[in-house]
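These are my notebook entries on one structure. I looked up the ligand and its surroundings, then the aromatic pairs and the backbone.

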Amino acid sequence: MKIISNPHELNNYVKTLDKTIGFVPTMGALHEGHISLIKEARKNNEFVVVSIFVNPTQFSKDEDLDKYPRKDEADKKICELSGVDVLFFPNAEDIYGDDEVSLLAPNVRGYVLEGHTRPTHFNGVLTVVNKLLNIVKPTRAYFGKKDAQQLNLITLMVKQLFMNVEIVPIDTKRDSDGLALSSRNVYLSKEQRKEALKIPGSLNLASNLIAKKVLDTKEIQEKMLDYLSPLEVFYVEILDREFNKVENVEIGNTIILVEVKVGETRLLDNIWL
Ligand code: AMP
């Protein structure tokens, strides 16, 4: 496995390849969720690039940029064992200069849900993903459904900016207790982790209601909020796949999204129905 930190070097390197390229952008502290994206990229492409970059522009001032977990050596091992061809490991200065051009998230879809409490977050995400896709020039790029709003906005960016890459969504990997894997789970104490299980629990509750033909989204949302209490809930939303509010669940076109704060940690989860 080759490790490259200079964007120009990587850009020149991939230009010499006459191969399909699968790309997995990450912020490191890799877990089985990331590995499932890498495996999918490995299966369907001749060449695999993974990036590890803790992107400063998607964190707001009061967020955990400095505390964000870093496991560089373990991550390199994981990439090597997963059959990655190139690990792109830039520094912030390799990616950003002064007086930068940047992208703005769309006015509606970028500022609801996670974008409501973190208004600059998706500008940072879209700007960095745009840069990374331009550097790597992949055939396909892999993103987790766990970050459903991110996936939705990146898909929109690629379409609206006429970018030549296929965005591939990948299902959420969970721990044996049902909690969605996340690099941020390491922040949770034993007690907080127990509380966090209410998140997948609330999504199970919703699935069970829907299986019993309760399709009214207000009713499902209220029952989920009751179940999640007393956790600090940022949102429980039931939307169609285009992220519009809906009155009734429509199987095949609905996502139920939850974001909760446990201690100081924001945790996201969702189910696609
Ligand atoms: P991150 O390092 O948290 O920025 O995540 C990098 C990529 O991995 C994103 O596309 C995430 O949606 C995806 N991802 C994170 N957690 C999971 C998970 N538990 N299952 C599947 N994909 C995930």
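Entry 1: I found an oxygen atom of the ligand 2.9 Å from a polar backbone atom of Gly144. I counted as a polar contact a pair of N or O atoms within 3.5 Å; within protein, one must be able to donate a hydrogen and the other to accept it, and residues adjacent in sequence count only if both atoms are side-chain atoms. Asp147 places a polar side-chain atom 2.6 Å from an oxygen atom of the ligand. For Leu181, I noted a polar backbone atom 2.9 Å from a nitrogen atom of the ligand. The ligand taken alone exposes 490 Å², of which the protein buries 92% (Shrake-Rupley method, 1.4 Å probe).

I worked on a predicted model, in which local features need pLDDT of at least 70 and side-chain atom pairs count only at pLDDT 80 or more, while totals for chains, interfaces and linings use all residues. Residues are numbered from 1 along each chain as its sequence is written, and side-chain values use heavy atoms, with hydrogens and water left out.

**Entry 2: the shell around the ligand.** I listed 16 residues around the ligand (a heavy atom within 4 Å). Met27, His34, Asp147, Lys173 and Leu181 come nearest. By class, the shell holds five nonpolar, seven polar and four charged residues; Ala, Val, Leu, Ile, Met, Phe, Trp, Tyr, Cys and Pro count as nonpolar, Asp, Glu, Lys and Arg as charged, and the others, Gly among them, as polar.

Which element gives the largest share of the shell? Helix 2 does, with three residues. At least two residues each come from strand 2 (21-26), helix 2 (32-44) and strand 5 (140-144). Helices (H or I, at least four residues) and strands (E, at least two) are DSSP runs, numbered from the N terminus.

**Entry 3: aromatic pairs.** My search of the whole structure returned three aromatic pairs (ring centres of Phe, Tyr or the six-membered ring of Trp within 6.5 Å; planes under 30 degrees apart are stacked, over 60 edge-to-face, the rest tilted). In one of them, Tyr13 and Phe47 are tilted, at 6.2 Å centre to centre and 50° between the planes. This pair links distant parts of the chain, 34 residues apart: Tyr13 is in helix 1 (residues 7-15) and Phe47 in strand 3 (residues 47-52).

**Entry 4: backbone.** I noted a cis peptide bond between Ser229 and Pro230, with omega about 5°. Pro230 lies in the loop between helix 10 (217-228) and strand 7 (232-240). Lys213, a residue other than glycine, has a positive phi near 75°; Lys213 is in the loop between helix 9 (198-211) and helix 10.
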